[in-house]
Amino acid sequence: MNVETAPMIDARTLIDVAEINFRVVQRQVKDLTHEESLIQPPFNGNCMNWVVGHIAQSSDKILQLVYEPSIWTPEQLARYDRDSAPIKSGEDAMRFEKILADFQTSHERLVAKLAQMTPDDLAAPANPMVKNAGEQSVAEFLHFLLW
């Protein structure tokens with residue numbers, strides 16, 4: 001679709017998607033302990049610690065996309081990045097409670113930032129410092145990452 005004819009993704013839409021995603025994750029991991037988060041599924045997959053850590057890591061990248069400071073260190077981001085090694089034990093895993101708390105913090109910061117963003121802010125080119133942003137607008141890449 002041509003960028004000039006593509007419908008603009010507005011801040012309210014992005015906030016709504018972020019809110020839905022956040023609530024789904026919260027519901028799915030309710031009462032899950034750190035030890036339970038490390039259990040490996042019986043198929044080719046990864047434990048909930050990695051899965052939710054990856055979602056939190058992506059949320060941290062979203063903050064960077066909108067020029068908000070990162071919550072995690074580069075090492076923490078790398079541990080939960082796409083294609084990173086599976087977590088096989090708690091030795092190289094972040095505490096699940098910390099992952100959830102940081103995910104909530106990044107979610108709250110993102111929603112607050114989106115509420116302040118103008119259509120021009122959202123139409124601007126994505127932060128070139130964010131990996132894989134390409135030539136998308138802030139809104140387009142946010143929509144992809146929130147998906």
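This is a predicted model: local features need pLDDT of at least 70, side-chain atom pairs count only at pLDDT 80 or more; totals for chains, interfaces and linings use all residues.
Residues are numbered from 1 along each chain as its sequence is written. Local features need pLDDT of at least 70 and side-chain atom pairs count only at pLDDT 80 or more, while totals for chains, interfaces and linings use all residues, and side-chain values use heavy atoms, with hydrogens and water left out.

**Exercise 1. The fold**

Task: Find how many helices and strands the protein has, and compare its radius of gyration with the globule rule.

Solution: 
- Start with the DSSP runs, numbered from the N terminus: helices are H or I with at least four residues, strands are E with at least two.
- The protein has seven helices and zero strands, so its radius of gyration of 16 Å can be set beside the 15 Å that the globule rule gives for 147 residues.
- That rule is 2.2 Å times the number of residues to the power 0.38, and the radius is taken over C-alpha atoms.
- The two values are close, so the protein is as compact as a globular protein of that length.
- Along the principal axes, the C-alpha atoms fill a box of roughly 50 × 30 × 25 Å.

**Exercise 2. Helix α5**

Task: Check the span of helix α5 against expectation, then list its buried residues and what covers them.

Solution: 
- Helix α5 covers residues 96-116, which is 21 residues.
- The expected span is 1.5 Å times one less than the number of residues.
- From first C-alpha to last, α5 reaches 31 Å, close to the expected 30 Å.
- Next, apply the burial cut-offs: buried is under 20% relative accessible area, exposed over 50%, partly exposed in between (1.4 Å probe, protein chains only).
- In α5, the buried residues are F96, I99, L100, D102, F103, S106, H107, L110, V111 and L114.
- Their cover includes α1 (11-28), α2 (34-37), α3 (48-65), α6 (119-123) and α7 (138-146).

**Exercise 3. Whole-chain totals**

Solution: 
- A contact means heavy atoms within 4.5 Å.
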